[in-house]
Amino acid sequence: MSRFFRAAGDSDTESESEEEELLSSGEDEEGPAQPAKPKPIGMSRFLRTEGSEESSSEEDEDEDEDEDEDEAPAPAPKRNRFGWGGDDEEGSDEGERVVVKSARDKRMEEMEASSKAIDNGVKINDWVAINNEFDKFGRLVQRQTNISEPVPPIYIRSVINLEKSVNNALAKEKEAKKKMNATNSRALNGMKQKVKKTLKELETEVKAFQEDPEGFEAKYNAAVSVAAPPVVPPSRPSRAAAEADEIGDENKANDDFTTIGKGGKTYNFTPDTIFKTLATINESRGKKNTDRVETMRILEKLLEVAVTPYSRIRVLLALISARFDYNPSISSHMSVELWTAAQKEVDRLIAVLAAEPQYIVQETVDFDYDELAERTPTGPGEDGVVLIRGSVISSVDRLDDEFTKSLQNMDPHGTEYVERLKDSMVLYQTICRAQAYFESKNQAEAVIRVIMRRVEHIYSKPDAVVQALENSAAGPVASLNLKVSIPTLSSCGSSTSLIHTLCVELYKTNNSLLRTRAVLCHIFHHALHNDFHTARDMLLMSHLGESIQNADVTTQVLYNRALVQVGLAAFRTGLIKEAQSTLQDIFTTQRVKELLAQGIHQPKFGTVLSPEQERAERSRQLPFHLHINTELLEAAFLVSSMLVEIPLLASIDNEEARRKAVSKPFKRLLDFADRQVFTGPPETTRDHIMQASKALQDGQWEKAKDLILSIKIWSLMPEEKQVKEMLGRRIQEDGLRTYLFTNSAFYTTLSLDLLATTFSLPARTVSSIVSRMIWSDELSASLDYLPSPDGSGNKMAVIVFHRVELTRVQQLAQTLADKVNTMVETNEKALDVKLGGGPGAGGWGDTDKKAAGEAGTGQETGNRRTTRGRGRGGGRGARFSQGLGNRMEGGRNR
């Protein structure tokens with residue numbers, strides 16, 4: 001019958017009897033079984049009610065009392081079948097003793113085994129096996145030295161014997177007719193180098209062992225026996241004892257405590273043991289099995305117990321280095337918590353050094369000092385100043401680099417990036433504090449480096465941000481109570497003056513890299529404040545364009561950023577030709593984002609960057625808040641190209657000359673727009689500019705103006721209203737020039753008042769534009785006054801167009817002059833390349849640079865106009881024929 005349907009009395013009785021049989025099986029083997037006391041039959045546990053449970057519990061209590069009375073004196077305890085360790089186990093293992101070996105004994109056994117294996121390998125000439133066993137032997141010894149134990153004699157003996165065996169094997173190999181195989185030979189040569197290196201490292205121990213082997217072993221045994229802790233077999237403490245230990249640890253209020261580190265190494269954190277602990281940590285720095293978290297925790301404890309300035313400085317230097325060593329990978333960045341802790345410790349180090357001027361930290365110290373002893377300014381050989389080996393400026397540089405790296409690896413569109421960016425104010429305070437300290441100690445090299453860091457933090461920022469940074473740094477710098485003062489925004493008056501003062505200090509240094517970066521930052525700042533002429537003059541006078549290709553990648557990126565900012569400054573101030581010529585060099589490459597370090601260039605034709613190349617490219621990327629808006633940059637370039645190239649295209653009829661005159665990026669987009677069968681409403685910035693260019697070509701300047709001013713990207717410029725007014729005025733003026741170039745062949749005379757009305761320009765402006773075109777030989781005409789057609793007797797200003805019908809000989813002469821001009825320019829460029837010159841190097845090709853620059857492009861002057869319609873011409877040949885024709889007409893009149 002199923003146990004769920006048994007009677008109430010049967011279920012309890014049978015289950016209890018079964019449990020008694022199971023639990024008493026171990027007791028029956030040891031002694032006679034005791035008669036079981038009959039128990040009353042109880043109710044089934046599945047049918048019990050609340051009252052029955054109470055009664056059954058009372059019955060159980062009575063039964064327990066009866067059992068206690070009937071038990072025999074000192075019975076054998078019952079063993080729990082689920083527990084570990086019992087009487088039967090002890091009985092079964094009574095003949096065997098459990099031997100507990102210490103870790104040192106186990107290592108010694110492994111060392112002896114490796115030594116025997118090396119001896120066996122020498123006997124059979126198996127140098128591959130010897131190599132492996134020697135590496136294993138070395139790891140065991142290294143593990144032993146990590147816990148402050150001496151090198152064992154068995155290792156010294158094995159190394160000495162191996163040296164002899166290696167020399168013998170090499171001698172036999174030279175004399176043997178049958179050489180050993182290549183693998184064994186390589187292992188033998190590698191073993192020779194390893195033994196040589198090991199003997200050099202253990203030179204003192206080897207010498208002592210060779211002089212007195214027995215004495216060396218006696219010293220080793222004595223050191224090991226003193227340092228060896230007693231081996232206690234593992235035992236399970238009671239719960240009460242464990243709780244008592246925890247309570248005792250919590251109530252313990254002693255500052256001098258001992259910590260057991262990795263490998264059983266003990267650390268006693270007291271002021272007397274600080275330098276010994278620092279020496280131990282420095283020895284383990286950089287090793288593979290070093291616990292970096294444990295190292296930082298130990299150094300934090302040491303900083304708490306450090307009482308003298310010298311000990312605090314030493315511990316802070318070690319702790320800052322440990323923070324930076326926690327993440328040794330170049331590609332990844334420090335966590336925000338570690339960076340914040342390191343920044344606070346650098347501030348604390350600078351504060352301690354400023355408060356204790358007798359202690360100086362510098363990278364090079366000419367003499368050696370005892371790093372395990374306390375040093376004071378009044379100590380022997382100190383001369384009132386304690387020099388400590390270290391580098392504060394390296395810590396500041398690493399802080400700045402890690403901050404930039406963390407911004408590179410964050411999502412710029414999330415809140416985490418904004419929160420992280422707030423730490424730039426704290427970092428700027430640290431940089432200013434470091435500058436004040438270095439200037440107080442006259443450390444010239446450190447001052448230059450920290451000034452460069454300060455300039456890089458503020459050169460690209462607007463005035464409001466610079467003012468906020470300077471205001472936040474004023475208090476921390478004043479708290480150092482130093483007698484020197486550093487340049488600040490309040491003392492200089494403006495951000496431009498502050499940048500100028502800092503850069504002048506950098507110009508005095510002998511470091512060419514820092515000078516170059518200072519000039520580029522200065523140029524960028526001038527361009528950011530729309531001081532185009534100063535920025536352009538500095539860029540040309542520095543001659544950086546000739547040597548920038550020899551600089552490092554980050555400096556080249558800074559040069560590209562400065563060049564682009566100069567072009568934007570020219571655009572904002574209305575200098576359209578200068579803006580177009582400056583930005584064209586960047587946009588011709590079609591790699592704007594890569595040149596500005598704002599994106600990674602993906603090569604074409606299926607080639608893929610290797611992981612190393614991609615990591616290098618990503619490490620050069622600028623943080624997002626330093627990016628220059630490439631869409632705004634493209635809009636400025638394309639609009640400038642439109643205003644420069646559309647009138648030029650209208651003045652040229654020859655397709656070959658037109659192809660040479662127009663910039664390639666703009667020409668490519670314009671040709672693509674002309675090939676479109678259907679043109680819809682403009683959506684992107686390019687669509688607006690291309691449709692505006694076509695409207696300007698057709699004489700619809702109002703439509704072009706509306707399209708350009710409707711671009712929303714202009715709102716990103718701080719001078720949006722002034723920029724739009726400038727663009728509207730320039731579109732009207734260049735629309736007038738395009739109209740005159742296109743339609744002058746159909747007019748004999750043209751009224752200036754009509755042009756002023758058509759293009760909504762003042763008559764004075766129209767007269768100025770036409771006069772400039774006539775003076776520069778862009779328009780073959782003259783200004784005159786003719787009677788008004790309304791019969792009022794007033795005279796009206798008109799343009800009188802001149803036309804000369806070129807003969808066949810004159811046309812051929814003009815074509816020949818243009819080809820000769822092209823040939824001369826080609827030869828000059830080839831000669832520059834052969835002589836090693838370049839653009840701006842003062843070679844043959846620089847003869848007509850000035851004239852070409854004034855014309856806007858290099859080809860504009862030579863390819864100005866060809867014959868159009870009824871005889872209008874341009875270029876050198878056209879000017880010659882025009883002058884010849886005028887003379888011929890004058891001769892006829894005479």
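**Reading aromatic pairs, helix packing and a sheet**

Modeller: The count comes to 11 aromatic pairs in this predicted model.

Colleague: What is the geometry of the aromatic pair formed by Phe137 and Tyr155?

Modeller: Planes over 60 degrees apart count as edge-to-face. Phe137 and Tyr155 have 75° between their planes and lie 5.0 Å centre to centre, an edge-to-face pair. Since Phe137 belongs to helix H6 (residues 127-146) and Tyr155 to helix H7 (residues 153-175), the pair ties together parts that are 18 residues apart in sequence.

Colleague: Which residues of H18 and H19 meet?

Modeller: On the H18 side they include Leu427, Ile431, Ala434 and Phe438, and on the H19 side Val447, Val450, Ile451 and Ile458. Gln435 and Glu439 of H18 also take part, as do Arg453, Arg454 and His457 of H19. By class, this contact has 11 nonpolar, 2 polar and 3 charged residues.

Colleague: And H12 with H14: at what angle do they pack?

Modeller: Helix H12 (residues 274-284) and helix H14 (residues 309-325) have axes 11 Å apart, at an angle of about 20°. H12 and H14 are therefore roughly parallel to each other, and their crossing is left-handed. Ile274, Phe275 and Leu278 of H12 meet Tyr310, Ser311, Arg314, Val315 and Ala318 of H14. The contact of H12 with H14 comprises 6 nonpolar, 1 polar and 1 charged residues.

Colleague: Turning to the sheet, what is the order of its strands?

Modeller: Strands of a sheet pair through backbone hydrogen bonds, in either the parallel or the antiparallel sense. Here an open sheet of 3 strands has the order E5-E7-E6, with antiparallel pairing. Strand E5 (749-751) and strand E6 (781-787) stand at the edges with a single partner strand each, so one side of each is left without a neighbour in the sheet. From one strand to the next, the twist averages 35°.

Colleague: Over how many bridges do E6 and E7 pair, and which helix packs on the sheet?

Modeller: E6 and strand E7 (residues 795-801) pair over 7 bridges in the antiparallel sense; the bridge partner of Ala781 is Phe801 in E7. Helix H37 (residues 763-775) packs on the sheet, where it touches E6 and E7. The direction of H37 makes about 135° with that of E6.

Methods
Residues are numbered from 1 along each chain as its sequence is written. This is a predicted model: local features need pLDDT of at least 70, side-chain atom pairs count only at pLDDT 80 or more; totals for chains, interfaces and linings use all residues. Side-chain values use heavy atoms; hydrogens and water are left out. Two strands pair if DSSP finds at least two bridges between them. Helices (H or I, at least four residues) and strands (E, at least two) are DSSP runs, numbered from the N terminus. Axes are lines fitted to C-alpha atoms, for helices over the stretch in contact, and angles run from 0 to 180 degrees between N-to-C directions. Contact means heavy atoms within 4.5 Å. Angles under 35 degrees count as roughly parallel, over 145 as roughly antiparallel, 65 to 115 as roughly perpendicular and the rest as oblique. A crossing is left-handed if the near helix is turned anticlockwise from the far one by less than a right angle, and right-handed if clockwise. Ala, Val, Leu, Ile, Met, Phe, Trp, Tyr, Cys and Pro count as nonpolar, Asp, Glu, Lys and Arg as charged, and the others, Gly among them, as polar. Rings of Phe, Tyr and Trp (its six-membered ring) pair if their centres lie within 6.5 Å; planes under 30 degrees apart count as stacked, over 60 as edge-to-face and the rest as tilted.
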